[in-house]
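Visitor: I've got this model up on my screen and I'd like a walk through it. Can we take it one question at a time?

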Amino acid sequence: MVREVRRVGAYGVCEDAGRVLLARGSAGCPYPGVWQLPGGGVEHAEHPARAVVREFAEETGLTVEVTRLRAVLADVASFSEDDVAVHTDRLVFDVVARGGELRPEPAGGSDDVAWFTPAEAAGVPLMPFTAELLGLPVSPLPGLPRSLPVEQAALPHPDRRLRFGAYGLVTDPAGRVLLTMIADGYPGAGRWHLPGGGTDHGEQPVAALLRELVEEGGQLGRVVELIGVDNLHNPAALGPEGRPLDWHGVRVIYRVAVDAPTEARVTELAGGSTARAAWFTPEQLAGLPLTEIAAKVVPRP
C-alpha cells in the first residue's frame with residue numbers, strides 16, 4: 001500500500017539583469033542533476049518566509065530579503081522503492097540578494113548554483129514547478145532514483161501535525177464579506193473564520209479553496225489574487241481527537257469574488273468544523289468575534 005506523505009517547501013525567485021538564480025540537486029537529494037529555484041522544506045513551526053531565507057543561505061551562500069509571495073502550487077511525486085507518494089505544497093517568494101558570496105552546498109542539497117536567462121534555463125533539466133514559474137514548457141524528468149533520503153521517508157512524529165490550508169477573503173458585488181463560524185469541539189469554536197480549509201493529497205490550493213467555499217458557504221467563487229501566507233504554531237492544540245498535539249498550520253490566503261451570491265448555507269455533511277455561514281456588511285463586521293487569521297484581512301469600519 002502506498003503511503004501518502006505531505007511536505008511544505010519554500011523557494012525564492014532571485015533575479016539579476018534578466019537572469020534568475022537556480023540550484024542543481026546534489027547526489028544526496030531526490031532529484032540529482034536537476035535544477036530548481038533555491039529553497040527546500042519548511043521545518044516544524046517555521047514560517048515559510050523565514051524558511052526561504054534560511055534555505056537560500058544554506059544552498060547559495062546569499063543573504064536574501066523576501067519582498068512578496070509570488071505563487072503557491074502543489075505536486076505529487078511517487079517513489080516506488082519506498083512505496084511513498086509525496087505531496088509537496090510549494091510557496092514561491094520573490095527575494096532580493098542583500099549580501100553573501102555565491103557558492104553551492106556540496107554536502108547538502110545543491111552541488112552547483114548559477115544564473116540563467118530563460119533561454120539558458122530551457123536547455124537544462126528543470127523541476128516541473130520551476131519550469132512552470134519561469135514560463136517554460138514542463139517536461140517529464142529523466143530516469144531518477146525512486147528512493148527518498150532517509151530523513152524524508154521517515155514516519156512523521158506521532159505528536160506533531162502539519163496542515164496546509166487555503167482560505168479566502170470572500171466578497172460579493174455589494175461589498176459584503178462571507179464568513180463561517182467554527183463548530184463546537186474545534187479550536188476557535190464560536191468565532192467567525194475565513195472560508196477554506198485543509199487541502200487534500202494531490203489537490204491544488206485554489207481548487208481546494210473553491211471546493212471548501214461550496215461546502216462551507218454554498219457559493220461559487222473565482223479567485224482574484226493571492227494575498228499572502230499565515231503561519232500558525234500551537235504546541236498544545238486540543239482538537240476533536242481529545243489529546244494535545246504540536247500543531248503547525250501553513251495557510252495561504254486569496255481574495256475571492258462571488259459574482260452571483262446566494263443565501264449562505266453549509267452544505268458539507270453534519271459533524272464538520274463549520275457550524276454556519278453568513279454574509280456581513282462592513283458595518284456588521286464591527287465587534288464581530290473573529291479568528292486571528294480573519295482579523296488580519298477582514299476590513300473593519
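Visitor: How many aromatic pairs does the structure hold?
Guide: This is a predicted model, where local features need pLDDT of at least 70, side-chain atom pairs count only at pLDDT 80 or more, and totals for chains, interfaces and linings use all residues. Residues are numbered from 1 along each chain as its sequence is written, and side-chain values use heavy atoms, with hydrogens and water left out. Rings of Phe, Tyr and Trp (its six-membered ring) pair if their centres lie within 6.5 Å; planes under 30 degrees apart are stacked, over 60 edge-to-face, and the rest tilted. On that basis, the number of aromatic pairs is 4.

Visitor: What kind of pair do Tyr-11 and Phe-129 make?
Guide: The ring centres of Tyr-11 and Phe-129 sit 4.7 Å apart and the planes are at 55°, so the pair is tilted.  It links distant parts of the chain, 118 residues apart: Tyr-11 is in strand β1 (residues 3-16) and Phe-129 in helix α3 (residues 128-133). Helices (H or I, at least four residues) and strands (E, at least two) are DSSP runs, numbered from the N terminus. To come back to the kind of pair: tilted.

Visitor: And which kind do Trp-192 and Phe-280 make?
Guide: Trp-192 is in strand β10 (residues 192-193) and Phe-280 in strand β14 (residues 274-280), 88 residues apart. Both Trp-192 and Phe-280 are buried; buried means under 20% relative accessible area, exposed over 50%, and partly exposed in between (1.4 Å probe, protein chains only). With ring centres 4.9 Å apart and planes at 80°, the pair is edge-to-face.

Visitor: Where do the buried residues of α5 sit around its axis?
Guide: Buried in α5 are Pro-205, Ala-208, Leu-209, Glu-212, Leu-213, Glu-216 and Gly-217. The arc is taken from the directions from the helix axis to the C-beta atoms. They cover an arc of only 140°, which puts them on the same side of α5.

Visitor: Which residue follows α5, with a positive phi?
Guide: Helix α5 (residues 205-217) has 13 residues and should span 18 Å at 1.5 Å a residue; the end C-alpha atoms are 17 Å apart, which agrees. That expected span is 1.5 Å times one less than the number of residues. After α5, with phi near 70°, comes Gly-218.

Visitor: Which residues have the most contacts inside the largest nonpolar core?
Guide: A nonpolar core is a set of buried Ala, Val, Leu, Ile, Met, Phe, Trp, Tyr and Cys residues joined through side-chain atoms within 4.5 Å. The largest one has 33 residues. A second, separate core of 24 residues includes Val-34, Trp-35, Ala-77 and Phe-116. In the largest core, the residues with the most contacts are Phe-56, Leu-91, Phe-93 and Val-252.

Visitor: Is Thr-274 buried or exposed?
Guide: Thr-274 lies in strand β14. Its side chain makes polar contacts with the side chains of Glu-216 (3.2 Å) and Glu-268 (3.4 Å). A polar contact is a pair of N or O atoms within 3.5 Å; within protein, one must be able to donate a hydrogen and the other to accept it, and residues adjacent in sequence count only if both atoms are side-chain atoms. With a relative accessible area of 10%, Thr-274 is buried.

Visitor: Is Ala-17 buried or exposed?
Guide: Ala-17 is in the loop between β1 and β2 (19-25). Its phi is near 55°, a positive value in a residue other than glycine. With a relative accessible area of 75%, Ala-17 is exposed.
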